[in-house]
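Hello,

Please have a look at the sequence and the model below, and then read on for what turned up.

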Amino acid sequence: MTHSIVRDFNIKLLIANVAMSFVFLLFTYITTPQEFFKTLIEHSVLAIGIQVAAYFLLKKYVVAPIHEFIDVSSDISSGHANLTKRIEIQQQNEIKVAANYINKFISNIQNIIGHIKVSILETISDSTKLNSVVEELKDSSNLNNEKSKDIQNISNKIGSHLEITEEAVISTV
């Protein structure tokens, strides 16, 4: 289980309140004992008020933005990273500055992936064209091979006709 910033801070604030109240109440008891119970009640109400206010302020201004960071980080790190999600912080403080940098990083990654997708589509298109050219070259090569065989057959026939003609000429002479 993770530690809560609010709980940790409230415990430390409570210890500080109790210590300060103890010192002040001790001083009051020593200097004006008749005011001790009145001062005790005042300090208790004040300490509880400070604790409650600190709890809600921390929750709103520190914990809520951190949970926004956690939610977006979780979405990005999941198997189906949602790069369209951004951290939205309303305050104008260090948390907002950090959120802006992380949002810019997410945007850069989203742009890079967009460029990669375009490159992949171009590569697929070029591969298809190249495959078409290879098929045309293959068909052309097969056609040329057939023509070469036809030419060879014709040459063989002409050669055999020349031999017959040569024998006929020799026999007539």
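A residue counts as exposed when its relative accessible area is over 50%, as buried when that value is under 20%, and as partly exposed in between. Please keep in mind that this is a predicted model.

Let's begin with the aromatic rings. F56 has a relative accessible area of 54%, so this residue is exposed. Y55 comes to 31%, which makes Y55 partly exposed. The count of aromatic pairs is one. That pair is made by Y55 and F56: their ring centres are 5.1 Å apart and their planes stand at 80 degrees, so the arrangement is edge-to-face.

Next, have a look at helix α1, which covers residues 5-31 and includes V23. Is V23 buried or exposed? With a relative accessible area of 55%, V23 is exposed. V23 also belongs to a nonpolar patch on the surface, together with F22, L26, Y29 and I30.

Finally, turn to helix α3, which runs over residues 94-172 and contains V169. The relative accessible area of V169 is 47%, so V169 is partly exposed.

Terms used: Residues numbered from 1 in each chain as written. Predicted model: local features only at pLDDT ≥ 70, side-chain atom pairs only at ≥ 80, totals over all residues. Heavy atoms only, no water. Helix = DSSP H or I, 4+ residues; strand = E, 2+ residues; numbered from the N terminus. Buried < 20%, exposed > 50% of the residue type's maximum accessible area, 1.4 Å probe, protein only. Patch = residues over 30% accessible without salt bridge, like charges linked within 9 Å, V, L, I, M, F, W, Y side chains within 5 Å. Areas by Shrake-Rupley, 256 points an atom, 1.4 Å probe, with all protein chains shown as cover. Salt bridge = Lys/Arg side-chain N within 4 Å of Asp/Glu carboxyl O. Phe/Tyr/Trp six-rings, centres within 6.5 Å; stacked < 30°, edge-to-face > 60°.
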